[in-house]
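Visitor: I would like a close look at a single part of this model, and then at what lies around it. Please take the rest of the chains as context.

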Amino acid sequence: MEDEELWDFDSESLSFEKDRHVLYLEMMYQLLPAPYQGQEINRLTLAYFVISGLDIFGALDRIDKEAVINWVLSLQAHPKNDRTFENGQFYGFHGSRSSQFQSNNNGAARLNGSHLASTYCALAILKTVGYDLSQIDSEVLLKSMKTLQQPNGCFMPIHTGGETDLRFVFCAAAICSMLKNWTGMDCEKAKEFIRNCQSYDGGFGLIPGAESHGGATYCAVASLKLMGFLGEDLLSEKASSNVINVPLLLDWSLQKQAFEDGGFRGRANKPTDTCYAFWVGGTLRILQADKFINEEALRGFLLTCQSKYGGFSKFPRLFPDIYHSYYGFCAFSMLREPGLNPLCVELGISAIAAIGL
Amino acid sequence: MKGEEERERIPIKERPEWADVRPVPQDDGPNPVVPIAYTDEFSETMDYFRAVYLADERSPRALHLTKEAILLNSGNYTVWQFRRRILDALNADLHEELQFLDQITRENAKNYQIWHHRRWLAEKLGEHVANKELEFTKEIFCKDPKNYHAWSHRQWVLQALGGWEGELAYCSELIKDDIFNNSAWNQRYFVVSKSPLLGGLEVMRDPEVAYAIEAILTKPENESPWRYLRGLHKNDGNSLANDPRVASVCLDVLAGKTDYVHALNMILDLLCHRHQPSKELKDAVDAVSPDPNLPDAGLAENVCSILKLVDPIRANYWEWRKSTVPAQD
């Protein structure tokens, strides 16, 4: 999907080009170029980047909210009847029609391909456009989601099997949080799994034993925050032994800001990349330690990844993509860029959307 | 994703073996959001896939079609899942499947579904593929020694299928190639703590501390061995403070007068755990103080002040660390 050709860049812009970014998002909302077809299965995720992105810019008037709501709701998986639901399948949302098939006469329940990550994105979008989530049939969703949880506390993304890791623990926690109903998961078990993912160096890996990674770390910390396992004043010495080793996590996270260019890296000794400004920066925000980030340096780095076409790329001087663009926008929101709405970092949507006014 | 064949693709509707099948178009509904500008090849392939999927046709031609769909959309877990169903139904040769997987993994080494499929295969094939899996991940590491998926897979293989014998040596090799490879350091920790052949962390601590120290002295600015050293002591401040080698390596690095940020951070941690600094250590800290006229404060506060100057990007953090220094006796 990423088009990594270099482009001729004239002069670096020293300012955040808000209008260009909104235009970029509007274009993506209208039509995603062909290279995104490899992401078809996750179209809902792409939609989330676009719509939540527009929300950050206060530009939701550019979209047809009714159409969005209808499309998202049409992707929800429903059991045929009360008995079907007990078949051990997860009834969430599909990422696109690619995993959603019209059930034929066999009523083949195997056609349910709904996915935990798509479900998170669906609910995030609905909340963002102001849809009242109490209208969602959440009982089946949550009950069936519990069947995705593994004995070790981790989550599988889909009942037919898939990689199980922290990303899906986060999705589950965010889903429960947005639906205001925690029957969908065993929080204690999830907490244990998260603890086991903290590496010897303080960051978190996607699974126990894995290398500490910015994205995994965000998933861990955001999940704990959503589940209510993180106290208020985490940095204070008086904070009783936390669920996780906070000082070590703090040191690891801060060390990820590179003195060379001010950006954040996702792992020790790896190149800096736009999106870690959110994954690691967001982690620090949740820990109330974002005051330790060198914001000027970070801003400087991010602007080198700003595309003249709007959007952001992973590294300087590449074409933008919707994923890095969204996290670039999130990063600027956290840097309190004028004109950008604040975030609810642990949910991954705007603060206003999270409150649900 | 690149296809393997150079020759031009024949549209499926022109292939005689597919003449009996009616493709099923995607029904996006009246107002699809973020529509994608699919290529004709993509649309056609997925339309035919939908047809065989709905019919639950687990045939050789369906298997081939899943391959085509995967090449266009390797993240589509529905296609992968159906492919697994077909492989089971046809009682297919899983070694052949592994070869196919090798090929596409080389071009798509960062795809979750591909690695998940690989794990599924390896689980079915069992212990006798342990070596092959270790060899294959090695091959991936030749091109990208930090590929996260490959490392997860490798850890899974070791724990599920075995093959620990050469692992510590392999880590040493990778670290020798690139002392900054944090994935290799992480793997080293994994081996040292989990290998059934080595006796566990307690047993391995001594030689591994020596290994870490050597790496630190080679490149003191390298975050990895410092974290590893802490990890060997389970990040227990008292344990670190009681290991004379830890203070000693900090001293050695300071004496080098360069790249001592991590060393100072470690000294700070030691001091916060009641380590009694030697005179040598105090002198070494003074020697790197850019401003010898710092106000009279404790050693720990001085270290923080120095860090603010030599690691300015984290100045706010080092300033805050001053407030976490326990009161001096």
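Where in chain B is the place of D243(B)?

Guide: D243(B) sits in the loop that runs between helix 12 (237–241) and helix 13 (244–255) of chain B. The model is predicted, and chain B has an average pLDDT of 93, with 95% of its residues scoring at least 70. For the complex, the predictor reports an ipTM of 0.94 and a pTM of 0.95.

The relative accessible area of D243(B) is 6%. Buried means under 20%, so D243(B) counts as buried. Leaving aside residues up to four places away in sequence, D243(B) touches V209(B) and H233(B).

N91(B) is located in the loop between helix 3 (77–89) and helix 4 (94–107) of chain B. With a relative accessibility of 69%, N91(B) is exposed, whereas D243(B) is buried. The phi of N91(B) is positive, about 50°, although the residue is not a glycine.

A helix position in chain B comes next. Y53(B) belongs to helix 1 (residues 40–54) of chain B, and its relative accessibility of 3% makes it buried. Between Y53(B) and V79(B) there are 26 residues of sequence separation, while their C-alpha atoms are 8.6 Å apart in space.

Chain B has a radius of gyration of 28 Å, well over the 20 Å from the globule rule for 329 residues, so the chain is more spread out than a compact globule. The C-alpha trace of chain B spans about 90 × 50 × 35 Å along its principal axes. Buried residues amount to 54% of the 329 in chain B. Of the contacts in chain B between residues at least 6 apart in sequence, 64% join residues at least 24 apart. The chain exposes about 15,000 Å², and carbon and sulfur atoms supply 49% of that area. Chain B carries 40 positive and 53 negative charges, whose mean positions are 2 Å apart.

Along the principal axes, the C-alpha trace of chain A spans about 60 × 50 × 35 Å. In chain A, 64% of the 357 residues are buried. Of the contacts in chain A with a separation of 6 or more, 68% are between residues 24 or more positions apart. Chain A exposes about 13,000 Å², 49% of it supplied by carbon and sulfur atoms. The mean positions of its 30 positive and 40 negative charges are 4 Å apart.

In helix 5 (residues 138–146), the buried residues are S138(A), V140(A), L141(A), L142(A), S144(A) and M145(A). Their cover includes helix 4 (116–128) and helix 6 (166–179) of chain A. R317(A) lies in the loop between helix 11 (295–304) and helix 12 (322–334) of chain A. The phi of R317(A) is positive, near 65°, in a residue other than glycine. At 36% relative accessibility, R317(A) is partly exposed.

Key
Residues numbered from 1 in each chain as written. Chains lettered and ligands numbered in written order. Predicted model: local features only at pLDDT ≥ 70, side-chain atom pairs only at ≥ 80, totals over all residues. Heavy atoms only, no water. pLDDT = per-residue confidence, 0-100. Rg over C-alpha atoms; globule rule 2.2 N^0.38 Å. Buried < 20%, exposed > 50% of the residue type's maximum accessible area, 1.4 Å probe, protein only. Contact = heavy atoms within 4.5 Å. Areas by Shrake-Rupley, 256 points an atom, 1.4 Å probe, with all protein chains shown as cover. Lys, Arg positive; Asp, Glu negative; His and termini not counted. Charge placed at Lys NZ, Arg CZ, Asp CG, Glu CD. Helix = DSSP H or I, 4+ residues; strand = E, 2+ residues; numbered from the N terminus.
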